[in-house]
Amino acid sequence: MSESADTDLIAAVRSFVEKEVKPVANELEHRNEYPQALVEQMKALGLFGATIPEAFGGLGLSVTTYARIVEELCRGWMTLSGILNTHLMVAYVIRVFGNDEQRQRFLPAMARGEKRAAFGLTEPHAGSDAQAIRTLARRSGDAYVINGTKMWSTNARTGTMFGLVVKTNPEAEPRHTGISYLIAEKGGPGCTISRDLPKLGYKGVESAEVCFEDFQIPAANLIGREGEGFKYIMTGLEVGRVNIAARAVGVAQAAFEDALRYAQERETFGKPSCEHQAIQLKLADMATKIEAARLLTYRAAAMKDSGERSDIEAGMAKLFASETCQEVALEAMRIHGGYGYSQEFNVERYYRDAPLMIIGEGTNEIQRLVIARGLLRRAGYVRPPHVRDD
Ligand SMILES: Cc1cc2nc3c(=O)[nH]c(=O)nc-3n(C[C@H](O)[C@H](O)[C@H](O)COP(=O)(O)OP(=O)(O)OC[C@H]3O[C@@H](n4cnc5c(N)ncnc54)[C@H](O)[C@@H]3O)c2cc1C
C-alpha cells in the first residue's frame, strides 16, 4: 500500500475505535464476551490480512504501519489486538519459511479472516524455557501424529488453525535442533480445547489449554525443515514483540488521555486537579515516557521492515513500553482517585490489561537476557563452548 493509503487506513481504524469500540469495550470486557461484531468489522477493514502481502490478498502493510494500527486498536480495547497478533505471527512464519503451496493454501484465506490462527508454544511446564516443550510429533506415513498439551493458547477456541511448535526429536542436543513448526488445522479427532484459563484482564478473547491425543496433521503442513522450528519461532516473535510494544503504547495512551481529561474536570481544594503541580508532574512524566516508548516501538518496527535483525530493538521496545504502560496505568488510576478503582471507569481495565505486556511474548526478565546477549554478540563476544543457557 502507498503511504497515503496507509495514513487513510490508520484514520479509518481510529474512527472505528472511536465510534464502534469505545462505546462497547467496557461492557464486553466485564461480561468476558467475545467481540464477534467487532471482529467482523475488523475483517471488513482487512486487518486479518494486515501484514500479509497483497499478492496473497492481504494489505501488505509494513510492520511500522501495523504497529500504528495496533496502537490505535489498543486505545479502544487491547483484546482486539490479541485477536490479530497470533494470527499474523503465524501468517508471517508461513510467508517467510513456508513453501509456495503452503502460502497459496493458507495466506489468502487467512487474509480474509476465514482461517484464523492461534499459536501453540507454551506448555503447562514450559514457558520461558521454550526448548523444554514435550509435545511430540511422530512421523507416520504422510502424517505427523501429535501428543501433548499446549497452555495459554490465545484464540485457540475461536480460531480454526494453530501454528504448532513440537518436538520431532526429543533426544536432540542442543535441544532446539529437535524442534519443528507445523500448521495444525482443526477438525478430526484428537484435538480438544480442554478449558479457557480465567484471567485478570485481556478478557473477551480466550486463552486456552489444548490437548492433542494422536491428532493427525498432514506431513505437507511441516513448515520449512524438521529441526529448524526454533529459528522460525524466534523470527516470528520479533513481530510479536513489536505488537506487544505497540499494544502497551496504545493502552498507556488511553490511560493518559483519560487522566488528562479527568484532571481538568475534577475539582479538589477549590480548583481543577490539573492545577495542582503534583498532578502536572505526573502528567508530564506519563506523556514523556509514552513518547519514548512509541519511538522505540517505531524504531524496532522500521528495523524489521528493512530486513535487519531486530531482536535487540524489539526486546528493548517491548521491555520499555510494557513497563511504561504498567506505570502509566497506575498513575492514571491515582489521578482518578477512588473512581479509578471503579468498574464504571476505563482506568481499572487498563490497570488489569497492562501486566500482560510484561509477561507475554517472553517475560521482561527474558527480554533483558535477549537484549544483553544481543549486545554481547554485536560487541564480538564469543561464548565459550562449555557455557549453556540457563
Ligand atoms: C493471557 C496470556 C496469553 C498468552 N497467550 C499465549 C499464546 O497465544 N501462545 C503461547 O504459546 N503462549 C501464550 N502465553 C504464554 C506466555 O508466553 C508465557 O506465560 C510466558 O512466556 C512466560 O512463561 P511461564 O508463564 O511459563 O513463566 P515461567 O517461564 O515459569 O517464568 C516464571 C518467572 O520466572 C522468570 N524466569 C524464568 N526463567 C528465567 C531466567 N532464565 N532468568 C530470569 N528469570 C527467569 C520469568 O521471567 C517469570 O518471572 C500467554 C500467556 C498469558 C498470560
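**Ligand shell, domains and core**

Student: Which of the 21 residues around the ligand come nearest?

Tutor: A residue counts as near a molecule if its C-beta atom, placed from the backbone, lies within 6 Å of it. Here Leu121, Gly127, Ser128, Thr363 and Glu365 come nearest, out of 21 residues around the ligand. Two or more residues each come from strand E1 (117-120), strand E3 (143-154), helix H9 (347-359) and helix H10 (364-378). E3 gives the largest share, three residues. Helices (H or I, at least four residues) and strands (E, at least two) are DSSP runs, numbered from the N terminus. This is a predicted model: local features need pLDDT of at least 70 and side-chain atom pairs count only at pLDDT 80 or more, while totals for chains, interfaces and linings use all residues. Residues are numbered from 1 along each chain as its sequence is written.

Student: How do the residues of that shell divide by class?

Tutor: Seven are nonpolar, 11 polar and three charged. Ala, Val, Leu, Ile, Met, Phe, Trp, Tyr, Cys and Pro count as nonpolar, Asp, Glu, Lys and Arg as charged, and the others, Gly among them, as polar.

Student: Which domains does the protein have?

Tutor: Domain 1 (3-111), domain 2 (117-230) and domain 3 (231-378), with bounds from an automatic or database assignment. The contact between domain 2 and domain 3 takes 12 residues from domain 2 and 11 residues from domain 3; contact requires C-beta atoms, placed from the backbone, within 7 Å. The C-alpha centres of these two domains lie 30 Å apart. The ligand shell draws at least three residues from each of them.

Student: Which residues have the most contacts inside the largest nonpolar core?

Tutor: A nonpolar core is a set of buried Ala, Val, Leu, Ile, Met, Phe, Trp, Tyr and Cys residues joined through C-beta atoms within 7 Å. Buried means that 20 or more other C-beta atoms lie within 10 Å of a residue's own, all placed from the backbone. In this core of 113 residues, Leu182, Val251 and Ala255 have the most contacts. Helix H6 (residues 229-265) gives the most, 19 residues. Beyond four places in sequence, Ala255 touches Val328, Ala329, Ala332, Val347 and Tyr350. Val347 and Tyr350 are among the buried residues of H9, whose cover includes H6 and helix H8 (311-336).

Student: Which strand is joined to E1?

Tutor: Strands pair if DSSP finds at least two bridges between them. Four bridges join E1 to strand E4 (residues 161-167), and the two run parallel. Phe119 has Gly163 of E4 as its bridge partner. Both faces of E1 are covered, with Ala117 and Phe119 buried on one side and Ala118 and Gly120 on the other.

Conventions
Buried ≥ 20, exposed ≤ 12 C-beta atoms within 10 Å, placed from the backbone. Contact = placed C-beta atoms within 7 Å.
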